[in-house]
Structure formats: structure tokens, C-alpha cells
Amino acid sequence: MIENIDFTLVNWSRGQFAMVAFYHWLFIPITIGTTYIIAIAQSIHVKTGDPEWERIAKFWAKLFGINFAIGVGTGIILGLEFGTNWANFSWIAGDIFGAPLAAEGIMAFFLESTFIAVMFFGWGRVGKKFHLVSCWLVAFGASLSALWILTANAWMNLPVGMNFNPDTARHEMVDFWAVLLSPFAVNKFLHTITSCFVIGAFFIIAISSWYMLKKRELMLAKRSMVIASVFGLMGILMVVLTGDRSAYNAAQHQPAKLAAMEGLYNGQEGAGLVLFGILNPGKSIGGNEKDFIVKIEIPKMLSLLGYKDLDAFVPGVNDLVYGNDEFLIMPASEKMRRGKKALEALASYKQASGNNDTGQMDKAKTIFEENYQFMGYGHFDRPESIIPNIPFIFYSFRIMIILGSAFVPVFILVAFLAVKNRLENNRWLLHLCIWCFPLAFVSSMAGWIVAEVGRQPWTIQGLLPTMISTSNINSTAVILTFWMFAAMLTVLVIAEYKIMAAAIRKGPAQKKGGNNV
Amino acid sequence: MKKLQFLSCLMLESLISGIQNSRLAKLLLLIIFIKFLIFYGFLKGFLYPKYLKPHYESDQHRSEQVMKDLLNTEKQFIYDRKH
């Protein structure tokens with residue numbers, strides 16, 4: 001396969017996974033984010049007995065229900081793709097992925113599915129406290145489901161808690177807690193979940209703003225905006241906090257990603273963080289061209305973010321590719337040499353195993369284990385290949401950061417004006433709030449691009465290149481299914497939009513009590 | 001145990017009467033049903049095993065194939081960063 005590697009297959013497989021994940025992600029943050037706001041509104045109702053709060057909770061639960069019903073199962077396609085397009089990866093990482101994905105299935109099924117029925121249809125039928133507990137369990141269940149898949153994803157960025165079995169060509173989990181509690185897993189979960197809170201909050205703020213602009217459902221809109229803006233503000237502050245940790249993690253474990261995020265070609269002590277910049281499109285790795293056409297940066301900030309030291313050295317792309325003796329950075333060519341040694345030792349081990357030569361097996365295994373951490377590099381022959389697409393990551397990172405930063409004052413302003421009951425007079429802000437909902441998605445998607453494209457050329461950081469991860473199948477099948485999935489998912493998104501828009505236009509139930517769903 | 005049974009019955013009753021009394025719930029249920037029919041029936045049950053899934057005779061065979069892909073470095077290649 002490898003000597004005839006089909007890049008059409010690799011690229012279409014990547015494209016298909018990205019496309020399905022994109023559609024899947026349109027549903028997830030709304031589901032995760034709004035559940036908490038529904039639970040908060042219902043908690044206030046149970047505490048105060050004010051029926052308006054129940055009406056608010058019911059209305060958002062109805063929209064949540066539409067989103068959940070249409071979005072549920074879109075992740076199944078991603079699961080199928082692991083088997084069809086990424087069979088090598090599935091085999092090599094299957095033992096690690098199996099446990100978290102099984103846990104996700106159990107969580108989703110038992111916690112979410114059971115209590116969602118009570119949340120949707122239990123109004124007035126079950127006790128208020130039991131109904132409230134169900135609302136909170138749905139919220140926690142949705143977040144816990146995400147925990148497992150994000151843990152699996154984090155492992156791809158920082159592979160820990162496993163051993164490679166040379167007999168089966170599989171990574172086998174030896175420490176579940178190391179996988180679950182790795183710095184990447186904890187931070188990725190918190191960063192992603194809180195970004196879902198932000199999107200969920202903007203979903204509610206945007207619809208409430210629309211009601212305010214139309215001078216409809218003013219009480220519902222005002223109260224919803226108070227909860228959503230405070231919830232969203234807490235969410236975005238957590239996103240900023242965990243984003244700082246993401247930069248630190250990238251600096252420690254994925255320096256090529258950090259260098260690409262900053263367009264940093266030559267490493268520096270006291271490196272600055274680029275606030276705004278236009279990369280020189282003619283710049284090449286190792287070339288003497290200027291890095292940027294124009295840039296504005298905060299001095300020393302990148303060193304502080306990445307290493308918690310204002311004067312720390314941050315390696316650039318050139319340092320990572322060609323090495324830097326002063327700062328003890330190994331050149332990629334040396335990693336490639338050691339990677340090839342690991343692969344040769346693995347081949348030797350397999351041959352000795354076939355001949356039942358235990359002496360040679362032990363010898364080969366020792367050499368393999370010494371060079372195992374560079375195994376993935378053995379598949380490359382150009383040191384420059386270890387660097388991801390710099391412009392794509394650089395600009396995606398700027399989009400995420402700029403939009404994310406802009407959301408902080410928006411939430412503060414909305415919360416302040418909502419509490420002061422002065423939102424209705426600021427029509428420009430209401431229009432801005434409507435736009436913030438799709439912009440929050442743009443920011444979130446840009447974040448995923450930084451995380452996933454920034455990890456390239458690896459599926460498992462340093463150990464397994466993306467091109468080795470694909471299945472031995474015909475690329476035509478991948479191209480055909482790409483368009484088939486795209487059509488199916490587009491139909492679902494259109495259905496979501498139509499049903500959701502109709503429910504929003506109709507508004508909440510006017511009568512007290514009764515079933516709102 | 002009795003309390004759990006009571007709660008389960010209550011949940012089921014809420015679910016059934018909730019669906020019966022709501023047009024939107026019926027529509028959403030229909031969408032879920034069609035979707036799962038496509039995902040599980042068509043994709044997972046037919047298309048995936050028959051045309052898309054790479055065929056391995058056993059885990060041993062699959063392991064050998066993966067190992068072959070991992071070790072075949074005779075002709076190196078260049079990862080195309082433009083993609």
C-alpha cells in the first residue's frame with residue numbers, strides 16, 4: 001500500500017471525516033449548552049413557584065428537543081468511518097478508543113435517553129422535584145457523553161497510558177486513569193464543554209433578541225437573556241482560562257502546532273504573541289524570506305503562555321525541522337533516523353517471531369523500545385513534512401481568538417443591560433446578538449481546525465502518520481460516500497432549520513400547564 | 001424495587017401520552033425513525049459490510065495487514081503539505 005500510497009484516498013478520507021464532524025458539531029453544542037439553561041430556569045421555578053420560569057424552561061426544552069431529535073445519531077456516521085476509511089488507525093488505536101466509546105454509549109443511553117423522556121413529557125405528570133432532577137441529569141449526562149469522546153481525541157494528541165504490542169501491531173491500554181486524566185484530556189474536556197456553554201447561551205440570546213426586536217414574548221426574552229448571558233459569561237471566561245492551558249499543553253507536547261499557530265519560523269527567547277498579522281505567502285520553511293507582511297504583537301506573551309516564563313525560548317518551525325543545538329532541540333532528520341531504526345527493529349522482531357528465535361526477538365524488542373517514541377517519523381523522508389499547514393492554522397487561530405475575545409464584552413453588556421431592563425432600547429445590540437450565534441459556531445469550528453489540522457501529519461502524535469492510518473480501499477468509495485453523507489446531513493440541517501424556525505415563530509405555549517412539546 | 005417499578009411506569013406513561021398529544025413529537029419521532037433506518041439499516045446493515053468495509057478474514061489477518069503497512073518503508077514518500 002505504502003509505495004503506491006493514494007493521496008486521493010488520504011485526502012478524501014480526511015475531508016469526509018471533517019465534513020461529517022462539521023455537521024455533527026452543528027447539533028452538539030446547542031444540546032450541551034441549552035440543557036443547563038433549561039435546568040437553571042426550572043430550578044428557579046421550583047424555588048420561587050413563579051409559573052413564568054416554568055414556561056421559559058418548557059419553551060427552551062422544546063427547541064432543545066428539536067435539536068436533539070434531529071442531531072441524535074449523526075455521530076454514528078463518524079463511528080462507521082473509523083471502520084471504513086480508517087481501518088489501520090482503528091486497529092492500532094482500537095484498544096484505547098474502545099473503552100471511552102463504550103462508556104460514552106452507556107452514559108448516553110442510560111442517563112440521557114432515560115431522563116430526556118421525563119424532561120420532555122414529564123411536565124405536570126411527575127413530581128416537580130423529580131422533573132427538576134431529570135433536567136439536571138440530562139445536562140450532566142450530555143456533558144459526560146462528551147467527556148469520553150474528547151478523552152479519546154485527547155489521547156491522539158498526547159498518547160499516554162498504553163504500550164505498543166509488536167505481536168499484534170496494537171496500542172494496548174495499560175493505565176485507564178492516565179488516559180482519562182492526562183493534561184490534554186482534562187483541558188480538552190473543559191475547553192470544549194465550556195465552548196458549548198457559550199454557543200448554547202448565544203442560541204438562547206439570539207432567539208430572545210429576535211423576540212425583543214419583534215416586540216414579542218418580552219418577559220420570556222428578558223429573563224432568558226439574564227440567565228443565558230451570565231451563563232455564557234462564565235462559559236467564555238472558562239474558555240479563556242482553559243485556552244491558556246491549551247497553549248501550554250501545545251508548547252510542551254506539540255511544539256510544531258504552536259509554531260504554526262503563531263507563524264513562528266525562527267525560535268525566540270521572549271517570543272511575542274501575534275495579535276494581528278498577514279503571513280508572507282512566499283515564505284518557505286528554511287527560506288530567508290520575511291515571515292510576515294505586517295504584524296502587531298504583544299511582546300513576550302507567547303513565552304509566557306507556552307512556558308510560564310517571559311524570557312523562555314519558543315522553538316520555531318526551522319528549529320523543529322533543522323534542530324537547534326543551543327536549546328537541545330533534536331532535528332527532524334535525527335528523529336526520522338531513529339524512527340526508521342524502530343521500524344527496522346519491529347520488522348526484525350516479526351521475522352524472529354516467525355522463526356521462533358527468542359534471542360533475536362529480545363534483541364529486536366530492546367532496540368524497538370529504545371526508539372519507539374520516534375516510530376512515526378520513520379515513515380517520512382523530508383524533515384519539512386512534520387510541519388502542519390501554517391497559514392490555515394495561523395488564520396484559524398486568529399479567527400477563534402478574535403471572536404472569542406469579542407464575546408466577553410458582548411456577554412457583559414447583555415447581562416448588564418438585561419439586569420437593568422434596558423435591552424429593548426439597544427436595537428443594534430439585539431442585532432449583534434443574533435449574529436453572535438453563527439459567529440460562535442465559526443469560532444468553535446476554527447478551534448477544531450487548530451486542534452485537528454494542527455496535529456497533522458499525525459493521527460497519533462509522533463507515532464502514527466495520517467497516511468498510514470487509512471484503509472486499503474478504493475478512493476472512489478470514499479468520494480461517493482462523501483457526497484452521499486453530505487446530501488443526507490444537509491437534508492437534516494434543513495429539516496432542523498425549518499422545524500426550529502416554525503417553533504420559534506409559534507413561540508411558547510400561552511396557556512398555563514399542558515404539554516408544550 | 002416497587003418505587004423503581006412505579007417510576008419506570010410513570011416515565012413510560014409520560015412518554016406515550018406525551019407523544020400521543022403532540023404533533024411535533026410525532027414528527028420528530030418519525031425523523032428519528034427514518035434516520036435510524038438509514039443509519040443502521042441501510043448504512044450499517046447493507047452498504048458498510050457489503051461495499052465499504054475492508055475485508056479481513058480474521059483479527060490475525062488484519063493485524064498482519066496493518067503490520068505490513070506499518071513496516072513497508074522501502075519507498076519513502078512525501079506528505080503533501082498543500083493538502
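**Grounds for the assignments**

Guide: The model is predicted. A:Arg398 has a relative accessibility of 7% and counts as buried.

Visitor: Why is A:Arg398 called buried?

Guide: Buried means under 20% relative accessible area. The value for A:Arg398 is 7%, so the residue counts as buried. A:Arg398 belongs to helix H14 of chain A, residues 390–419.

Visitor: What makes the approach of A:Arg398 to the side chain of A:Glu262 a polar contact?

Guide: The limit for such a pair of N or O atoms is 3.5 Å, and one must be able to donate a hydrogen and the other to accept it. The two side chains make their polar contact at 2.7 Å. A:Arg398 also touches A:Met261, A:Val274 and A:Leu275.

Visitor: How do you know that H3 of chain A is largely enclosed by the rest of the structure?

Guide: Nine of its eleven residues are buried, so H3(A) is largely enclosed. Among them are A:Ile76, A:Leu80, A:Phe82 and A:Thr84.

Visitor: Aromatic pairs come next. How many does the structure hold?

Guide: Over all chains there are 39 aromatic pairs. In one of them, A:Phe82 and A:Phe97, the ring centres are 5.6 Å apart and the planes meet at 70°, so the pair is edge-to-face. The limits are 6.5 Å between centres for a pair, and over 60 degrees between planes for edge-to-face. A:Phe82 is in helix H3 of chain A and A:Phe97 in helix H4 (residues 87–121) of chain A, so the pair ties together parts 15 residues apart in sequence.

Visitor: Are these two residues buried or exposed?

Guide: A:Phe82, with a relative accessible area of 18%, is buried, and A:Phe97 is buried with 7%. Each value is set against the limit of under 20%.

Visitor: Why is the pair of A:Phe197 and A:Phe231 called tilted?

Guide: Planes under 30 degrees apart count as stacked and those over 60 as edge-to-face, with the rest called tilted. A:Phe197 and A:Phe231 have 40° between their planes and 4.8 Å from centre to centre, and the pair is tilted. A:Phe197 lies in helix H7 (residues 183–213) and A:Phe231 in helix H8 (residues 218–253) of chain A, so the pair ties together parts that are 34 residues apart in sequence. Both residues are buried.

Visitor: Which residues do ring pairs link into a cluster?

Guide: The cluster consists of A:Phe59, A:Trp60, A:Phe203, A:Trp210, A:Tyr211, A:Phe437 and A:Phe441.

Visitor: What is the volume of the second largest pocket?

Guide: The second largest pocket has a volume of about 1000 Å³. It is lined by 46 residues, with A:His191, A:Gly243, A:Phe397, A:Met400 and A:Ile401 closest to its centre. H8(A) supplies the largest share of this lining, nine residues. By type, the lining has 27 nonpolar, 14 polar and five charged residues.

Visitor: Why does B:His55 count as exposed, while A:Lys308 is called partly exposed?

Guide: Exposed means over 50% relative accessible area, and partly exposed runs from there down to the 20% limit of buried. B:His55 is at 60% and therefore counts as exposed; A:Lys308, at 42%, is partly exposed. B:His55 lies in the loop between H2 and helix H3 (59–71) of chain B, and A:Lys308 in the loop between H10 and strand S6 (313–314) of chain A.

Visitor: What is noted about the backbone of A:Lys308?

Guide: Its phi is near 55°, a positive value in a residue other than glycine. A:Asn356, likewise not a glycine, has a positive phi of about 55°.

Terms used. Residues are numbered from 1 along each chain as its sequence is written. Chains are lettered from A and ligands numbered from 1 in the order in which they are written. This is a predicted model: local features need pLDDT of at least 70, side-chain atom pairs count only at pLDDT 80 or more; totals for chains, interfaces and linings use all residues. Side-chain values use heavy atoms; hydrogens and water are left out. Helices (H or I, at least four residues) and strands (E, at least two) are DSSP runs, numbered from the N terminus. Buried means under 20% relative accessible area, exposed over 50%, partly exposed in between (1.4 Å probe, protein chains only). Contact means heavy atoms within 4.5 Å. Rings of Phe, Tyr and Trp (its six-membered ring) pair if their centres lie within 6.5 Å; planes under 30 degrees apart count as stacked, over 60 as edge-to-face and the rest as tilted. On a 1 Å grid over the protein atoms alone, a cavity is a set of points where a 1.4 Å probe fits but cannot get out, and a pocket is an open set with protein on both sides within 12 Å along at least five of seven lines; lining residues have an atom within 4 Å of a point. Grid points are joined across faces, edges and corners, and a volume is the space filled by probe spheres set on the points. Ala, Val, Leu, Ile, Met, Phe, Trp, Tyr, Cys and Pro count as nonpolar, Asp, Glu, Lys and Arg as charged, and the others, Gly among them, as polar. Lists of a residue's contacts leave out its neighbours within four places in sequence.
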